[in-house]
Amino acid sequence: MIWNITGGPDGGAHVTDVTNASRTMLMDLKTLDWDDAILDAIGVPRAVLPEIRSSSQTYGEATGDLAGIPVAGDLGDQQAALFGQTCFAVGEAKNTYGTGNFLLLNTGTKAVPSKSGLITGLGYKIGDQPAVYMLEGSIAITGALVQWLRDNIGLISSSGEVEDLAKTVEDNGGVYFVPAFSGLFAPYWRGEARGVIAGLTRYVNKGHIARAVLEATAWQTKEVVEAMNADSGVALTSLKVDGGMVYNETLMQFQADVLDVPVIRPTVAETTSLGAAYAAGLAVGFWKEVEDLRANWGKDKEWQPRMDAAERDKEYALWKKAVTRTFDWVE
């Protein structure tokens with residue numbers, strides 16, 4: 001895209017940034033350059049790859065209808081959301097709630113190798129400043145589970161109805177829904193797992209199922225947070241959230257309850273595009289420093305945890321028990 005918008009074969013800039021380059025798994029995380037050993041092993045000629053630049057610098061000027069406008073910000077999807085949520089300090093994290101969830105934690109200027117099933121990668125790099133690394137946990141099925149409830153089962157006619165249905169009951173009725181539809185992602189990475197609904201009794205109704213669907217997102221997020229805490233040695237103090245599901249207030253309150261930290265929704269929930277704009281704005285001097293971005297970021301709502309610790313531990317143990325029932329389903 002950058003190559004085409006800056007002129008393509010007529011002088012276009014063939015570049016990418018460190019976050020997109022790290023996604024290919026062809027870049028050395030320390031040198032921030034393509035890894036010749038990996039290129040040779042896979043058979044990728046270095047000559048076909050773009051030059052790796054920072055996430056916030058002017059790569060060139062646009063041509064055509066946008067002629068003269070600098071192209072200056074480039075970040076991978078989830079890293080852009082991390083940047084847009086102004087998670088610039090070590091230990092700050094964001095969670096994007098979409099069809100799946102992506103939880104990223106800023107680990108500072110040193111790459112933290114994961115021992116808990118997470119991905120180590122580049123968070124962002126501003127101009128000539130040192131690169132900032134991150135840990136990422138990916139959850140395959142979150143918002144997609146609500147879609148499944150709508151499209152496959154027909155329990156609701158629109159995604160927004162799931163919250164109203166969940167609020168018809170006081171709790172989950174003992175039901176736990178582990179949506180391992182395509183296996184389990186972080187922190188388990190069990191491709192042979194398949195989804196289960198555990199704890200069914202005759203008492204259970206559709207409201208309990210709806211609540212279990214929402215709670216599944218929060219429990220899976222808690223498992224990734226625990227893995228991040230173990231890897232980084234830094235306990236999460238708050239969680240900034242974005243994406244389509246963050247307007248489900250029942251889910252956001254339950255997320256705060258199970259994490260036992262505040263959950264914060266920004267005024268601009270589409271933080272991916274905001275992060276790219278922040279990076280470009282820094283590069284061209286629209287903002288002078290990251291503290292200006294913090295000042296620009298606004299809080300829309302915050303949820304404080306209010307669940308009793310003993311209840312949280314009991315519920316979490318049952319969730320973990322349900323997760324084990326998904327293992328080894330596919331021979």
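Predicted model: local features only at pLDDT ≥ 70, side-chain atom pairs only at ≥ 80, totals over all residues.

Me: Ok. Which way do the residues of β11 point?
Reply: L239, V241 and G243 point one way, while K240 and D242 point the other way, and all are buried. Strands here are DSSP runs of E with at least two residues, helices are runs of H or I with at least four, and both are numbered from the N terminus.

Me: So why is β11 called largely enclosed?
Reply: Because five of the five residues of β11, which covers residues 239-243, are buried, the rest of the structure largely encloses this strand.

Me: What does β5 do next to β11, run parallel or antiparallel?
Reply: Parallel: four bridges join β5 (residues 93-97) to β11. Two strands pair if DSSP finds at least two bridges between them. One spot to look at is T96, which stands opposite D242 in β11.

Me: And how many bridges link β11 with β12?
Reply: Two, and that pairing is in the parallel sense as well, with β12 covering residues 263-266. L239 has V263 of β12 as its bridge partner.

Me: New topic. How many salt bridges are there?
Reply: The count comes to 16. A salt bridge here is a side-chain nitrogen of Lys or Arg within 4 Å of a carboxyl oxygen of Asp or Glu.

Me: How far apart are the closest N and O atoms of K301 and E249?
Reply: They are 2.5 Å apart, in a salt bridge. K301 sits in β13 (residues 299-303) and E249 in α8 (residues 249-259), so the pair ties together parts that are 52 residues apart in sequence.

Me: Which residues are in the network with those two?
Reply: Salt bridges that share partners join E249, R265, D300 and K301 into one network. K301 counts as partly exposed at 30% relative accessibility, and E249 is partly exposed too, with 31%.

Me: Which residues form the negative surface patch?
Reply: E170, D171, D308, E311 and D313. Patches are made of residues with over 30% relative accessible area and no salt bridge, joining like charges within 9 Å and nonpolar side chains (Val, Leu, Ile, Met, Phe, Trp, Tyr) within 5 Å. Asp and Glu count as negative and Lys and Arg as positive, while His and the chain ends are not counted. A charge is placed at NZ of Lys, CZ of Arg, CG of Asp or CD of Glu.

Me: Where is E311?
Reply: E311 lies in α11, the helix of residues 309-324, and counts as partly exposed at 41% relative accessibility.

Me: What makes up the nonpolar patch?
Reply: I5, L66 and I69 make a patch of about 240 Å². Accessible areas come from the Shrake-Rupley method with a 1.4 Å probe, and for residues only the protein chains shown count as cover. I5 lies in α1 (residues 2-5).

Me: Which residues does the cis peptide bond join?
Reply: A186 and P187, with omega about 0°. P187 is in the loop between β9 and β10.

Me: What is the phi of W189?
Reply: Near 55°, a positive value in a residue other than glycine. W189 is also in the loop between β9 and β10, and counts as partly exposed at 43%.

Me: And M25?
Reply: M25 has a positive phi of about 65° although it is not a glycine. M25 is in the loop between α2 (18-23) and α3 (36-42) and counts as exposed at 66%.

Notes: Residues numbered from 1 in each chain as written. Heavy atoms only, no water. Buried < 20%, exposed > 50% of the residue type's maximum accessible area, 1.4 Å probe, protein only.
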